[in-house]
Amino acid sequence: MERFWETKSLDEMSRSEWESICDGCAKCCLHKFIDDDAVNEATTTAHVQAGEVIHFTNIACDLLNTKTCSCTQYAKRTELVPDCVQLTQENLKDTFFMPPSCSYRRLHEGRGLPSWHPLLNRNKKTAMHNAGMSVRGKTVAESDADLDRFEDYIAIWPLEDID
């Protein structure tokens, strides 16, 4: 197996190489928020202010198949969910909203792929699930969550990153 991620930068990767870097953990499909007392209404943002912290929740997008950790509408996800994360080579510098274990973020930060990554495990997600690095079995669907009590769903497990 060619370990292209060790010889190419993320900018140099082909579209298929780029797509294969995604480990499929689905943590990017979790709702996140920035606790900011100065803001009264939920809004989207393209950056984090100094001193702000992103809080991950265990609330998953309704389009997510939480068993396979894949989007049921991947090709149309940004149409159906305008705030959906679509990480590209152009916006990679904005990885602040991705969990520390995100393979794109890890490569961007020079940390390499983790041992549980599917590319290092015959393109299977089993090692990732066994390591607890995916959302499998840990989420509540957004349609089942009380979004007025968003803070009750804060989770720290999405911030875990091993090796």
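This is a predicted model: local features need pLDDT of at least 70, side-chain atom pairs count only at pLDDT 80 or more; totals for chains, interfaces and linings use all residues.

Q: What percentage of the residues count as buried?
A: A residue is called buried when its relative accessible area is under 20%. Of the 163 residues of the protein, 36% count as buried.

Q: Which helices and strands make up the protein, and in what order do they run?
A: There are 4 helices and 5 strands. Read from the N terminus, the elements follow the order α-β-β-β-β-α-α-α-β. The radius of gyration is 16 Å, close to the 15 Å that the globule rule gives for 163 residues, so the protein is as compact as a globular protein of that length. Along its principal axes, the C-alpha trace spans about 50 × 35 × 30 Å.

Q: What share of the contacts joins residues 24 or more positions apart?
A: Among contacts in the protein with a separation of 6 or more, 65% are between residues 24 or more positions apart.

Q: In which sense, parallel or antiparallel, does β1 run with β2?
A: β1 and β2 (residues 54-60) run antiparallel and are joined by 4 bridges. Isoleucine 34, for instance, has isoleucine 54 in β2 as its bridge partner.

Q: In which sense, parallel or antiparallel, do β2 and β5 pair?
A: β2 and β5 pair in the parallel sense, over 2 bridges. Isoleucine 59 stands opposite valine 140 in β5.

Q: How many residues of β2 are buried?
A: In β2, 6 of the 7 residues are buried, so this strand is largely enclosed by the rest of the structure.

Q: How is a nonpolar core to be understood, and which residues have the most contacts inside the largest one?
A: In soluble globular proteins, nonpolar side chains tend to be buried together. In this structure, the largest nonpolar core has 26 residues, and those with the most contacts inside it are Trp5, Ile21, Leu87 and Tyr104. At least two residues of this core come from each of α1 (15-21), β2 and α3. β2 gives the most to this core, with 3 residues.

Q: With which residues is isoleucine 21 in contact, leaving aside its neighbours within four places in sequence?
A: With those neighbours set aside, isoleucine 21 is in contact with Phe4, Trp5, Met13, Ser103, Tyr104, Leu107, His117 and Leu119. A second, separate core has 6 residues, among them Phe33, Val140, Ala145 and Tyr153.

Q: Is arginine 105 buried or exposed?
A: Arginine 105 has its place in helix α3 (residues 103-108). With a relative accessibility of 18%, arginine 105 counts as buried. Its side chain reaches the backbone oxygen of methionine 98 at 2.6 Å.

Q: How does one read the backbone angle phi, and what is its value in asparagine 123?
A: Most residues other than glycine have a negative phi. Asparagine 123, a residue other than glycine, has a positive phi near 60°. This asparagine 123 lies in the loop between α3 and α4 (126-130) and is exposed, with a relative accessible area of 59%.

Q: What is the phi of aspartate 163, and where is this residue found?
A: Aspartate 163 is not a glycine, yet its phi is positive, at about 35°. Aspartate 163 is found in the segment after β5 and counts as exposed at 57% relative accessibility.

Q: Where is aspartate 83 found, and what distance separates its C-alpha atom from that of aspartate 94?
A: Aspartate 83 is found in the loop between α2 (77-80) and α3, and counts as exposed at 59% relative accessibility. Aspartate 83 and aspartate 94 are 11 residues apart along the chain, and their C-alpha atoms are separated by 14 Å.

Terms used. Residues are numbered from 1 along each chain as its sequence is written. Side-chain values use heavy atoms; hydrogens and water are left out. Two strands pair if DSSP finds at least two bridges between them. Buried means under 20% relative accessible area, exposed over 50%, partly exposed in between (1.4 Å probe, protein chains only). A polar contact is a pair of N or O atoms within 3.5 Å; within protein, one must be able to donate a hydrogen and the other to accept it, and residues adjacent in sequence count only if both atoms are side-chain atoms. A nonpolar core is a set of buried Ala, Val, Leu, Ile, Met, Phe, Trp, Tyr and Cys residues joined through side-chain atoms within 4.5 Å. Contact means heavy atoms within 4.5 Å. The radius of gyration is taken over C-alpha atoms; the globule rule is 2.2 Å times the number of residues to the power 0.38.
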